[in-house]
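Hi everyone, thanks for coming.

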Amino acid sequence: MSLDKATVRKIGFLARLEIPEEDLEGLAHELNGILGWVEQLQQVNTEGVAPLASVSETRLYWRDDVVTDGAMPEKVLANAPDGLDGYFLVPKVVE
Amino acid sequence: MSSYIIEGETGPWEVVIGLEVHAQVISAAKLFSGASATFGGDPNTHVAFLDCGMPGMLPVINAECVRQAVKTGLGLNAQINRRSVFDRKNYFYADLPLGYQISQFAHPIVGEGTVILDMKDGTSREVGIERLHLEIDAGKSLHDQHPSKSFIDLNRAGVALMEIVSKPDMRSPEEAGAYLKKLRAILRYLETCDGNMEEGSMRADVNVSVRHPGEPLRTRCEIKNVNSVRFVMQAIEYEAARHVEVYEQGGIIEQETRLFDSAKGTTRPMRSKEFAHDYRYFPDPDLLPLEFTQEFVDEIKAGLPELPDAKKARFIGDYGLTPYDAGVLVAEKETAAYFEAAAEGHDAKAVANWVMGDLFAALNRTGKSIAESPVAPENIGRLVDLIKDGTISGRIAKDVFEIMVETGGEPGRIVEEKGLKQVTDTGAIEKVVDEVIAANPDKAAEVKAGKEKLLGWFVGQAMKASQGKANPGILNEMIRKKLLG
Amino acid sequence: MTDLTSLTLAEARDGLAKGEFTSVELTGACLAAMEARKDLNAFIVTCPEIALDRAEASDARRAKGEALGPMDGAPVAIKDLFCTEGVQTTAASKILQGFKPQYESTVSARLKAGGAVMLGKTNLDEFAMGSANITSAYGNVVSPWQAEDDAAPLVPGGSSGGSAAAVAARMCLAATGTDTGGSIRQPAAFTGIVGLKPTYGRCSRWGIVAFASSLDQAGPMTRSVRDAAIMLGQMAGFDAKDSTSANVALPDFEKALTGDIRGLKVGVPKEYRPIGLATEIAALWDQGITWLKDAGAEVVEISLPHTDKALATYYIIAPAEASSNLARYDGVRYGLRVENGGNLDEMYMKTRAAGFGKEVKRRILIGTYVLSAGYYDAYYLKAQKVRALIANDFREAFKQVDVILTPTAPSDPFPIEGGAKVDPITMYLNDVFTVPASLAGLPALSLPGGLSQRGLPLGLQLIGRPFDEETVLRAAQAMEAAAGFTAVPTLLREGK
């Protein structure tokens, strides 16, 4: 599996990272190096092995249905780069 | 009842419809945060730090939302998965603060089930449920507040949704409408979603494709976020016709997401589709699998209310209602409850007619819901009794009912106070009849000469003269006897 | 009262209790040391006012005779990955420049509630991604150690490099760290201190800027094993706000330090002795085995067959989780925003391109790729399966032994200049001994074992069963006693 420039561009868009055209080649090379290296996992026989998503063996904790949070718009908005009238603002989205 | 066929130049086309309904779970707090799940509020006031995606914030599941999902699954006769997994659905959007939606992809909490549709002609149809999963809602973007900015309110972000996915089992806009209504009824009976489409607590994504009958499925288009039963039906109609037109002109339909324009009744492609989505689902490492015991499920099952289908069967069996009437009465939980309260100890069929006829009309006219009905259910029963025992005629009953709507009064008392009791005293009736005949000698002569049609006119006049109180049976017979011997 | 900053937490606790000095004095001494060692760039933010306020409050509590916890009045540093209310928290990233959380992480809140005094926020690799502390947007951290034959500035290790340097250079008595693949243990080894990564789920992750959620764990970085036990007790415990937090009993870790390890079964995994393991690392490891045997432990060779696949597994799982965890840094609600008239997507792309450094971007891209359609099974799912095998290796091993001994890092500290030049994979190899325990979620501790030929610290790692930090600490203390590691960083020696 080899990454080309177009794939790096596509992955960059999926991750919303602007990548200058001149960096694509180098990045593709670098990422291919890493992907080639992790390729070694294909050697491991994992037939019948269940994937491990978490090492945690506890039961998921369920909380009660009680309102315990919220009602603090000033804190929610305290770090906002752009806001007005209690809203966050972003460049206009056209759907 | 799948006779919705579009006749094209290349032959008949069948429409294939599947619905993904997003139903907001009734709960006090959000699915993974302790902020209020209440609709509305000032912007960003129902927002915990998790809901606005602050660094280091973690989700903790709300037990009630789990119960509600299981309850809904049971109401849909569906398989309950005692182990399910929350995944992250990754994409960027201004009202998606985490950069991903916590949802369930490979292992939903509820599996396959069924919904039975009651069609207008009294027949029923089964629609398969593919799955139901729990997920969080996004925030709200307002695009019309500012020339160059969109406004983001995260009050809704994180509210629990159940996504209920049907199989592509529907074949007409009517069936899709019936499915939505039935699903909403079930959710309302269960009290797991308020079904309020105006406030967005129930929204549908509609998948539409067409095919010649017998063909395999063709490419579908998904119409996003349609928010009323009527719009869903309109959108399907438009979209199906569009597909047929494209195919018949030799074109191809591309799989895409579209938006419904309710003003024009049309659909159009969404703009942001330059890149196909790649959601990169993977198990949310902040959460563990959601697991519960069979006892937990059984306990919920034991507490389930009677659902529309069971209630309908009971109304048919116990009250002798027609399937259609029973279907109408169970469609809303409140209506069914009203009917049962009204019918208790009275002629149920007559009560059903009053509820579906005059009461519905009055509510419609006054813009009130059945819960706000000025007429108490037991008074409908009493009214029916007054007719049945001959105290008032059916005609007078209509007047009494209008007074009940206006004043909320008890029918017996209204009849008493207004002196509306039916006159059955033959002497009194004879007196009125004689007066009417005496006043109209020409017409009486015509009847006697064989123009029997005019009998009805005499009955009407006499009834009017008795202010409607004369017993119609006695009156009829007396006029016939007097004029025809 | 010669040098307050050199006290351990245990010594400070006793000295404060006896009234030999006050928290304000202790805190003042640390603040002065921080000022004097500014050149190490260990802190991104210092908060002397908050520190002195808390120190005064601690002294006042003591004066009133209130019951005080073991860290009341002890000045500590907090890794700048822990959100601290009202105090800038950056994760060493430009994208969080100026971000002031309106909340306090559970771990730092527990320390605060226990009376610990926060001196400031320590530098780290950006978003904790690195093993040398050379990816911070706020500059490299310089180790207080120098090689005997070369004065070139060395890395303190990473990602908790600022915490490690601050503890080693006596700017604080202890510091918090976080460890995803070795970020507490490797810098502890590089700076000659003790670093403990607890069992996954032991410390709450709530309020810690996430790197890889299934691996991240907070832990103490201290100058003694006893201090690690004391501080872990103040940091750990079930937290209902973290669904992966374990609801298990919190033992008195200090009580576990009995000094008696007779009969303890210690495993030595043969796979950790790969061809080409540096001689001095191998020698230190052997030395460690001897210390344990001498103390009465029984040493057994064990096998962890999937060890050599751990690093590749880690470098799929951690970037995958990171790519998703870092999606929230989009310039909408906090942090950096770069906007120049473009649409929303352009704002995202410019903001994230400007806000993230090279290594972070690299990992986001790798993580995005391995999760993307068509590659998920080959990479991510495969890695999760191998992870299961690695965890199982340990489970099997712990049927035989109570604790496992390995080196912490494959080399002694390297120069900053060289570190910046090596390719990513060579850099990733620094974590080769620490990553397996991370993937298995096991408690693991690094303690200083000795000095390399160049006079630089080398660490030994002890790995324990889940939630058995007590055995790890007990074994570590026995080794600490045997090692008698008293070397101080080059910069603290007379004449420096």
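How many residues of chain A are in contact with chain C, and how many of chain C with chain A? One thing before I answer: this is a predicted model. Okay, the count is 39 residues of chain A touching 58 residues of chain C.

So where on chain A do those residues sit? Helix 1 (5-14), helix 2 (21-38) and strand 3 (87-91) of chain A each put in at least two residues. Helix 2 of chain A gives the most, with six residues. Sorted by class, that side of chain A has 25 nonpolar residues, eight polar ones and six charged ones.

Now turn to chain B. Here the contact takes 32 residues from chain A and 43 from chain B. On the chain A side, the elements giving two or more residues are helix 1, strand 1 (62-63), helix 3 (73-76) and strand 3. Which one has the largest share? That's strand 3 of chain A, with five residues. The classes on this side are 19 nonpolar, five polar and eight charged.

Let's look at the strands. Strand 1 of chain A runs parallel to strand 3 (residues 61-62) of chain B, and two bridges join them. Arg63(A), for instance, has Asn62(B) as its bridge partner.

There's also an open sheet of four strands, in the order 2(A)-3(A)-10(B)-9(B), with antiparallel pairing. Strand 2 (83-84) of chain A and strand 9 (140-142) of chain B are at the edges with a single partner strand each, so each has one side without a neighbour in the sheet. Within chain A, strands 2 and 3 are joined by two bridges, and Gly83(A) is partnered with Phe88(A).

Last stop: helix 9 (residues 377-388) of chain B.

Is helix 9 of chain B mostly enclosed or open? Nine of its twelve residues are buried, so the rest of the structure largely encloses it. Among the buried ones are Pro377(B), Arg382(B) and Leu386(B). What do the buried residues pack against? They pack against helix 7 (333-343), helix 8 (348-366), helix 10 (394-407) and helix 11 (411-418) of chain B. And just after helix 9 of chain B, Gly390(B) takes a positive phi of about 80°.

How values were computed:
Residues are numbered from 1 along each chain as its sequence is written. Chains are lettered from A and ligands numbered from 1 in the order in which they are written. This is a predicted model: local features need pLDDT of at least 70, side-chain atom pairs count only at pLDDT 80 or more; totals for chains, interfaces and linings use all residues. Two residues are in contact if their C-beta atoms, placed from the backbone, lie within 7 Å. Ala, Val, Leu, Ile, Met, Phe, Trp, Tyr, Cys and Pro count as nonpolar, Asp, Glu, Lys and Arg as charged, and the others, Gly among them, as polar. A residue is buried if 20 or more other C-beta atoms lie within 10 Å of its own, exposed if 12 or fewer, and partly exposed in between; C-beta atoms are placed from the backbone. Two strands pair if DSSP finds at least two bridges between them.
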